[in-house]
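Q: I'm new to this one. Could you walk me through how to read a few of its features?

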Amino acid sequence: MSSKKRILSGMRPTGPLHLGNLHGALNNWVGMQDGYDCFFFIADWHALTSDYETPGAITGYVNEMMIDWLSAGLDPEKSTLFVQSLVPEHAELFLFLSMITPVPWLERNPTYKDQIVQIENKDLSTFGFLGYPVLQAADIIMYKANGVPVGIDQVPHVEITREIARRFNFLYGDVFPEPEAILTQTSKILGLDRRKMSKSYNNAIYLSDTPDEIAKKVSQMITDPQRMRRSDPGNPDVCNVFEFHKIYSGQDTVETVDPQCRSAEIGCVECKKIMAKNLIQAMEPLHERRAHFKAEPERVKEIIAIGSQKARAVAKETMEQVRAAIRIKD
Ligand code: TRP
Ligand code: SF4
C-alpha cells in the first residue's frame, strides 16, 4: 500500500477542453501525480443529469476528454484514469447514499439553486439533477479519497459529501473518511471576448485547436477597448492579450511590450502575433502528444479500460464493506 494521500477528481464530458480548463484544473492535476495517489475520472453519468435529452454526444466527448487529459500530461502509469460508467458500483453506492440523504440538503445546494434558474433551455426539474451531489459523494467516498482538488464552485458539493459520509458512518459504522476540498486556483485566462472562457460563449481556445486556428483566434481577441486606432496609446493593465503574454511570453517580452503599448510604439496586430507565436510554442508538447494519441485510438481505449478496471477493483472492495455495514447481504 502506498503511503501517499489519495485524491480524486472528475470532469463532466460536455465538450472539448480549453485553456481555461487547462489552467483551472488539468495542470494542477498533472502536478499532483507524483505527490498523491491520484484517481481522475470522466463523469459521464453526471453529464447525463443535464444532457439527458441528447445523450449521443457524450461518448464522443469521453474519448476526446481522455485524449485531452493525456495530451496535458496525465499519465496512466502514475494515476488511475477511468470512466464513471465503466464502474457501475458508483450507481449502487449512489442508491444507498440516496436512502440516507435528506432532500433539504440537496434543495439548499447553491449550484442546484443557481443552475435551475440560469439554465433555461433544459428541463432540470428531475430527480437525477437534484441528486447530482449524491452521485458525486458516491464518486468520492467510493475511493476513500482524502482530498478532492476542485474549483471554488464545487466546494458545496464536497461539503455535502462530508455530511453524507458522516451520516453513513453514524448510521452504519465507520467506513468512510471525510474528504477535504483542495482548492484549485481559478484560471486567470479569459476568453477571446474577455468574458469567462467557456464553450457556451464561443470564446475559447481549445487544446485541440491547430496552430493556425490559435493564431486566427488570437487575432480576433479583444484588446484594450479604449485603444481604437493604431496611434492611440494602449493600457496593458486592462488588456487580455497582455494577460496571455504574462503566461506565455518570457519576462523580457512582457517588460518590452508594456511600455511599447503605452507609447503606441507597438500595435495590437503585432503584439498579438508575438503572443500567438509564444502560445503556440508553449502548446507544442501538448500538440505532439495529442497527435500521437489521436493516431492511436485503440491505445486510448485500452488506457480507459485498464484504468477503469483498476478503479473497479477498489470500488468492489468498498462495496463489500458497504453491504456488510448496512447488512443488506451477507
Ligand atoms: N461536479 C464536478 C464538476 O462539474 C464533476 C465531478 C463529478 C466531480 N464527480 C466528482 C469532481 C467527484 C470531483 C469529485 O466539475
Ligand atoms: Fe493589448 Fe498588446 Fe494592444 Fe497593448 S499592444 S492593447 S497589450 S494587444
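Predicted model: local features only at pLDDT ≥ 70, side-chain atom pairs only at ≥ 80, totals over all residues.

Q: How are two packed helices described?

A: Two packed helices are described by the angle between their axes and the distance between the axes. Here, helix 10 (residues 211-219) packs with helix 13 at an angle of about 145 degrees, and their axes are 9 Å apart. The crossing of the two helices is right-handed.

Q: Which residues make the contact of helix 10 and helix 13?

A: Helix 10 brings Pro211, Ile214, Ala215, Val218 and Ser219, while helix 13 brings Lys272, Met275, Ala276, Leu279 and Ile280. By class, that's eight nonpolar residues, one polar and one charged.

Q: Now the ligand: where does ligand 2 sit?

A: You'll find ligand 2 in the largest cavity. Helix 11 (240-248) and helix 13 (268-282) each give two or more residues to the shell around it.

Q: What surrounds ligand 2?

A: Among the surrounding residues are Cys239, Cys261, Cys268 and Cys271, along with Asp224 and Arg227. The shell has seven nonpolar, one polar and two charged residues.

Conventions: Residues numbered from 1 in each chain as written. Chains lettered and ligands numbered in written order. Heavy atoms only, no water. Near = heavy atom within 4 Å. 1 Å grid on protein atoms, 1.4 Å probe; cavity = no way out; pocket = protein on both sides within 12 Å on 5 of 7 lines; lining within 4 Å. Sits in = over half its atoms within 2 Å of the grid points. Helix = DSSP H or I, 4+ residues; strand = E, 2+ residues; numbered from the N terminus. Nonpolar A, V, L, I, M, F, W, Y, C, P; charged D, E, K, R; others polar. Axes fitted to C-alpha atoms, helices over the stretch in contact; angles between N-to-C directions. Left-handed = near helix turned anticlockwise from the far one by under 90°. Contact = heavy atoms within 4.5 Å.
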